[in-house]
Amino acid sequence: MNFRDSNLSAGLLVPLLLLSCAGEAPPAERRPDVLFLTVDTLRADHLGFHGYPGPTSPQLDKFARESVVFENAIAQSSWTLASLASLMTSHWVGELGIRDFRSHLPTSATTLAEVLSDNGYETGAVGSHLVFLDKYGLRQGIADFDDELVLRDFGRSHRAISSKQISDKGLAWMAERRDSAKPWFLWLHYFDPHVPYQEHPSVGDKFGTSPIGRYDGEIAFTDAQMGRVLRRAKASERPLVVVFTADHGEEFNDHGKNSHGHTLYQELIHVPLFIRGPGLAPASIPDLVRLVDVMPTLFELLRIPLDQRPTELVGQSLLPLTRGDTLEPQPSLSELRFHADTHVDALIRGRWKLIVPRTEAPVELYDLEDNRKESKNLAERRPKLVESLREQMDLMTSEAWTRGESSATELELDPDEIDALQGLGYMGDDEDAADDERP
Ligand SMILES: [Zn+2]
């Protein structure tokens, strides 16, 4: 029982407290609610708390100051379904067998929401992207999935502006559960920073009209809408954990192209990540961490019993880092099989990043400490290091894809879906369609 949540008068509180002092066992501690916030296509270095000079994220910045911020968090792919599936299961993309929009998260996978649901959580989500169609499997474990925005704007969802509705729906869902005896898990996925970049009257032209300016405007709009939810979270009288991250970033000609899902350079896989919750002192953590670490971290934070957690997760709990302890550094793997010509894997170990195109293109090696922009390929100068990283990567990826391929079955796509996906810049020769959207 939480006294602040109950409507007990002060007169009743006194005898209850006395009873408790007299040796009665204290009531079981309530598990915290979990607000799980993801933003599509949000590169870390365009946020204020990651050092971006423009005012894209005042609300998130404010919240980040009260949170544990992971400065160096890496997504396991550079497109939505692959990255979210990995985040929600703590498995590599290859293990899940997710290649493209004909793939889906297998029902045999155990999701974060499934585990929380089995442990007494009420689960809900609001989606705004085609990957939240039931067939893609991300809804496993979500008892109350609000897909109105996915279905209503089906076929043109890439043009819809949805952050306000996502926040409206999220706020209503939380308000309905203000006095719920059960803890809840709510996942809100925001989508506006994805191409095509829309203009927002409330943001105006403060970021200019270039593609980057419009993208920043989309972030600012999303940030303002998320601020409403974050303020509500802050005012919660129930214990609450807030997780904020993104599925992948976005390229603006950093390496010769635009959009995402085509390479694994840092602009596409370095994502924001912060966690705020009871017992977590605000901190900024420079260590390399992976999105696959989020699920084990939450299990530890929420005290999910060990025998209730799925085994063989590839991530590890990051809680030791939040307490100032050290953690055995782990390599980060990111994988991409989207188009036949963009099969590529990336392994980051410490300061070094190896990129191996599974095509004829040469292998790349970068020193992320000295060359974060990944412009100086050191592969020819450091062959032994390349060999060592490659060995580790091959071990991780070949195992992963072998297991994944055996469980994957292909989905059928109908013409409406293909139209929608082309509008989002996916699906083979749709690159031109996406480019048309950009001034
Ligand atoms: Zn995405």
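**Briefing: strands, a helix and some single residues**

The model is a predicted one, in which local features need pLDDT of at least 70 and side-chain atom pairs count only at pLDDT 80 or more, while totals for chains, interfaces and linings use all residues. Residues are numbered from 1 along each chain as its sequence is written, and side-chain values use heavy atoms, with hydrogens and water left out. Helices (H or I, at least four residues) and strands (E, at least two) are DSSP runs, numbered from the N terminus.

**Strand β2 and its partners**

- Strand β2, which covers residues 68-74, is mostly covered, since six of its seven residues are buried, where buried means under 20% relative accessible area, exposed means over 50%, and partly exposed lies in between (1.4 Å probe, protein chains only).
- β2 and strand β11 (residues 283-290) run parallel and are joined by six bridges; two strands count as paired if DSSP finds at least two bridges between them.
- β2 also runs antiparallel to strand β9 (residues 270-271), with two bridges between them, and there Ala73 stands opposite Val271.
- Two bridges link β2 to strand β10 (residues 273-276) in the antiparallel sense, and Val69 has Phe274 as its bridge partner in β10.
- In a regular strand the side chains alternate between the two faces of the sheet.

**An open sheet of four strands**

- The strands of this open sheet follow the order β12-β13-β14-β15, with antiparallel pairing.
- Its edge strands are β12 (332-336) and β15 (364-367), each of which pairs on one side only.
- On average, neighbouring strands of this sheet are turned by 15 degrees against each other, direction ignored; the axes are lines fitted to C-alpha atoms, for helices over the stretch in contact, and angles run from 0 to 180 degrees between N-to-C directions.
- Strand β14 (residues 352-357) pairs with β15 over four bridges in the antiparallel sense, and Trp352 stands opposite Asp367 in β15.

**Helix α8**

- Helix α8 (residues 211-234) has 24 residues and spans 34 Å from its first C-alpha to its last, close to the 34 Å expected at 1.5 Å a residue, the expected span being 1.5 Å times one less than the number of residues.
- The helix α8 bends by about 25 degrees at Gly227, a bend being the angle between axes fitted to the seven residues ending at a residue and the seven starting there.
- Because 18 of its 24 residues are buried, α8 is largely enclosed by the rest of the structure.

**His129 and its surroundings**

- His129 lies in the loop between β3 (122-126) and β4 (144-146), and this residue is buried, with a relative accessible area of 0%.
- Among the residues that His129 touches, not counting those up to four places away in sequence, are Asp40, Phe101 and His189, where contact means heavy atoms within 4.5 Å.

**Backbone features in loops**

- Most residues other than glycine have a negative phi, and most peptide bonds are trans.
- Val195 and Pro196 are joined by a cis peptide bond, with omega about -5 degrees, and Pro196 is placed in the loop between β5 (184-190) and α8.
- Asn253, although not a glycine, has a positive phi of about 65 degrees.
- Glu312 has a positive phi near 60 degrees and is exposed, with a relative accessible area of 63%.
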